[in-house]
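Welcome, and thanks for taking a look at this model. Here is a short briefing to read alongside the sequence and the 3D view.

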Amino acid sequence: MHDFAFVFAGFFVGLVVGLTGVGGGSLMTPILIFFFGVKPYLAVGTDLLFAAFTKMGGTIKLARSKHIDWRVVLNLSAGSIPAALITLYTLHTLGATSPTVQHLMTTTLGGALLLTAAATLYKALRGKTAPVTVAAGQEAAAARPRHWSLPLLFGALIGTLVTLTSVGAGAIGVTVLMLLYPLLPLPRIVAADIAYAVPLTLVAGMGHASLGSVDWPMLAKLLAGSIPGIWVGSHLMFKTPERVIRSLLSILLAYAGLKLIAL
């Protein structure tokens, strides 16, 4: 029965991701901690690989359709991957299971969920104002950030946040991209966000695995549910009130964030 609960949790998170595009980490990690009593370090490590595998298929599909601006992905990865490695080294030095690190993870996770809630609500209310196409001949200009250093800086912040909490590469990443690349169409922003999240979560997840922070059987059960969940969600996307779902989701994430900070 417990095994089925993990599969159902994977299906639920996959369904929401398919419906809204919000990163699974912002939902899966608090579900594992609150509903299943999983230790924070195991929840974060397992969810990182869960995110890497679930977004890998989406990245392949988007790459084939040529929706990914690889220059944007490389700019963010240049900041996020080194930051993830530094954070992993720090966790290895301090010990992922130490009470200090566990408290840091839950507090940072709570803050990340509050940021995700704000980003989700912002996207629900303002996301429609982003451009949906780019004029011919303006592709290179649209892929240039406001300043060359900003993707490195925000990439480093997101890389640290994702490695510590498994949250940040979804709604926060999309919001950051919308601010850094105002001329980039929304579909390409979402595609770039999904693509750069794969190497980041894979590096961070394998780093956590080397620390013993991944529950492999639990990961398999979550993936067994998430794959059909994403398929169902993506097919229902155009039949549901997106703004209402995102607004309700932001309230849920804010509640979970405040609860984690209070732990």
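At 15% relative accessibility, Asp69 counts as buried, where buried means under 20% relative accessible area, exposed means over 50%, and partly exposed lies in between (1.4 Å probe, protein chains only). This is a predicted model, in which local features need pLDDT of at least 70 and side-chain atom pairs count only at pLDDT 80 or more, while totals for chains, interfaces and linings use all residues. Residues are numbered from 1 along each chain as its sequence is written, and side-chain values use heavy atoms, with hydrogens and water left out.

**Overall make-up**

- The protein chain has eleven helices and zero strands; helices (H or I, at least four residues) and strands (E, at least two) are DSSP runs, numbered from the N terminus.
- Along the sequence, the pattern is α-α-α-α-α-α-α-α-α-α-α.
- Of the 263 residues in the protein chain, 51% are buried.

**Salt bridges**

- How many salt bridges does a search of the whole structure find? There are two, each being a side-chain nitrogen of Lys or Arg within 4 Å of a carboxyl oxygen of Asp or Glu.
- Buried Asp69 takes part in one of them, with its side chain meeting that of Arg188 at 3.6 Å, N to O.
- This pair links distant parts of the chain, 119 residues apart: Arg188 sits in helix α9, and Asp69 in the loop between α3 (40-64) and α4 (70-94).
- Arg188 is partly exposed, at 25% relative accessibility.
- Asp3 and Lys221 also form a salt bridge through their side chains, at 2.8 Å, N to O.
- Here too distant parts of the chain are linked, with Asp3 in helix α1 and Lys221 in helix α10 (residues 216-236), 218 residues apart.
- Asp3 is partly exposed, with a relative accessible area of 44%, and Lys221 is likewise partly exposed, at 24%.

**Helices α8 and α9**

- The axes of helix α8 (residues 171-180) and helix α9 (residues 186-210) come within 9 Å and cross at roughly 130°. That makes α8 oblique to α9.
- Axes are lines fitted to C-alpha atoms, for helices over the stretch in contact, and angles run from 0 to 180 degrees between N-to-C directions.
- Angles under 35 degrees count as roughly parallel, over 145 as roughly antiparallel, 65 to 115 as roughly perpendicular and the rest as oblique.
- Is α8 mostly covered or mostly open? α8 is mostly covered, with nine of its ten residues buried.
- Among the buried residues of α8 are Ile172, Val174, Val176, Leu177 and Met178.

**A nonpolar patch**

- Phe4, Phe8 and Phe12 make a nonpolar surface patch of about 340 Å².
- Patches are made of residues with over 30% relative accessible area and no salt bridge: like charges are joined within 9 Å, and nonpolar side chains (Val, Leu, Ile, Met, Phe, Trp, Tyr) within 5 Å.
- Accessible areas come from the Shrake-Rupley method with a 1.4 Å probe, and for residues only the protein chains shown count as cover.
- Phe8 lies in helix α1 (residues 2-20) and is exposed, with a relative accessible area of 52%.

**Two C-alpha distances**

- Pro30 belongs to helix α2 (residues 25-34) and is buried, at 5% relative accessibility.
- Pro30 and Pro40 are ten residues apart along the chain, and their C-alpha atoms are separated by 8.8 Å.
- Arg243, in helix α11 (residues 242-261), is partly exposed, with a relative accessible area of 41%.
- Arg243 and Thr120 are 123 residues apart in sequence, yet 9.5 Å apart in space, C-alpha to C-alpha.
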